[in-house]
Amino acid sequence: MGRSVKKGPYIDEKLLRKIQKMEVTGEKKIIKTWARNSVIIPEMIGLTFAVHNGRKHIPVYITENMIGHKLGEFSHTRLFRGHSSPTDKATTLT
Amino acid sequence: MVRLVGVDLPANKNVQVALTYIFGIGSSLSQEIIAKTSIDPHQKVKDLTEADIVAIREALKGYLVEGDLRRETTISVKRLMETGTYRGSRHRKGLPARGQRTRTNARTKRGKRRTVGLGKGKVEEKKE
């Protein structure tokens, strides 16, 4: 079920404060953040976030298409290195 | 034969059911559309008058249906893939995008069973 419209999109408060500050000063610095669950709002366009993926911060440059998604969607948490090589058991089956 | 937005409606079905043969119209939308016209939903398609068909065609406007709907979905999937979302990567890999399990099942998305590995996998891994 979706979030109630009444509340508006969820953005981490500290993150929001940082964005508003950047808007006022007009400077563009990479914001390091752990708030993967924050929704991307129009004010964030053009900014770059370093979104934590559990191990390190992945730089995410925000474009118009990303609005409404959450920051975490762009910072992948899993690394797939392919399946393991087959065991003897599996080979003998054929 | 009745033709609406490029689809032939089955002649021997009730109007309400026949409309669901259009991509993008399920039973609830079908009911909604018929309610806009003054057609009996249980009437067969073959018994529809010319005026009825025009009325349905008119009521269908404003709904995203068939080709337009298909185009819209591919565009939104493409957007997901281009922006580098997790869901986009799942689409690219042909795996379910909404957190379903893939250890078993997920056959609709992954297609027919095919065995992976068995010797071949080892060679491929070494190349990387």
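## About the model

The model is predicted, so local features need pLDDT of at least 70 and side-chain atom pairs count only at pLDDT 80 or more, while totals for chains, interfaces and linings use all residues. Residues are numbered from 1 along each chain as its sequence is written, chains are lettered from A and ligands numbered from 1 in the order in which they are written, and side-chain values use heavy atoms, with hydrogens and water left out.

## The sheet of chain A

Let's start with the strands. Chain A holds an open sheet of three strands in the order β1-β2-β3, with mixed pairing. Here helices (H or I, at least four residues) and strands (E, at least two) are DSSP runs, numbered from the N terminus, and two strands pair if DSSP finds at least two bridges between them. The edges are taken by β1 and β3 (57-61) of chain A; each has a single partner strand, so one side of each lacks a neighbour in the sheet. On average, neighbouring strands of this sheet are turned by 25° against each other, direction ignored. For such angles, axes are lines fitted to C-alpha atoms, for helices over the stretch in contact, and the angles run from 0 to 180 degrees between N-to-C directions.

Strands of a sheet pair through backbone hydrogen bonds, either parallel or antiparallel. β1(A) and β2(A) pair in the parallel sense over three bridges, and Thr33(A) stands opposite Val51(A) in β2(A). β2(A) and β3(A) run antiparallel and are joined by five bridges; Thr48(A) has Tyr61(A) in β3(A) as its bridge partner. The hairpin of β2(A) and β3(A) has four residues between the strands, and in it Gly54(A) takes a positive phi near 100°.

## What surrounds the sheet

How enclosed is β2(A) by the rest of the structure, and why? Four of its five residues are buried, so β2(A) is largely enclosed. Buried means under 20% relative accessible area, exposed over 50%, and partly exposed in between (1.4 Å probe, protein chains only). Helix α1 (residues 13-25) of chain A packs on the sheet and touches β1 and β2 of chain A, its direction making about 175° with that of β1(A).

The loop between β1 (31-33) and β2 (48-52) of chain A contains Ser38(A). Ser38(A) is buried, with a relative accessible area of 0%. Beyond its neighbours within four places in sequence, Ser38(A) is in contact (heavy atoms within 4.5 Å) with residues including Tyr10(A), Asp12(A), Leu15(A) and His69(A).

Chain B is assigned domain 1 (2-60) and domain 2 (67-98), with bounds from an automatic or database domain assignment. Taken over C-alpha atoms, the centres of domain 1 of chain B and domain 2 of chain B are separated by 31 Å.

Which residues of helix α3 (residues 50-60) of chain B are buried? They are Asp52(B), Ile53(B), Ile56(B), Ala59(B) and Leu60(B). These residues lie on the same side of α3(B) because they cover an arc of only 125° around the axis, the arc being that of the directions from the helix axis to the C-beta atoms. Glu50(B) and Ala51(B) are exposed on the other side of α3(B). The cover over the buried residues of α3(B) includes β1 (2-4), α1 (15-18) and α2 (27-36) of chain B. After α3(B) comes Gly62(B), with a positive phi near 95°.

## Salt bridges

Over all chains, the whole structure has three salt bridges, each a side-chain nitrogen of Lys or Arg within 4 Å of a carboxyl oxygen of Asp or Glu. One of them joins Glu58(B) and Lys61(B) (3.5 Å, N to O). Glu58(B) is partly exposed at 49% relative accessible area, whereas Lys61(B) counts as exposed at 55%.

Helix α4 (residues 66-82) of chain B contains both Arg70(B) and Glu66(B), four residues apart, about one turn of the helix. Their side chains meet in a salt bridge (3.2 Å, N to O); Arg70(B) is partly exposed, at 40%, and Glu66(B) is buried, at 15%. Arg71(B) and Asp68(B) also form a salt bridge (3.2 Å, N to O), and both lie in helix α4 of chain B, three residues apart. Asp68(B) is partly exposed, with 43% relative accessibility.
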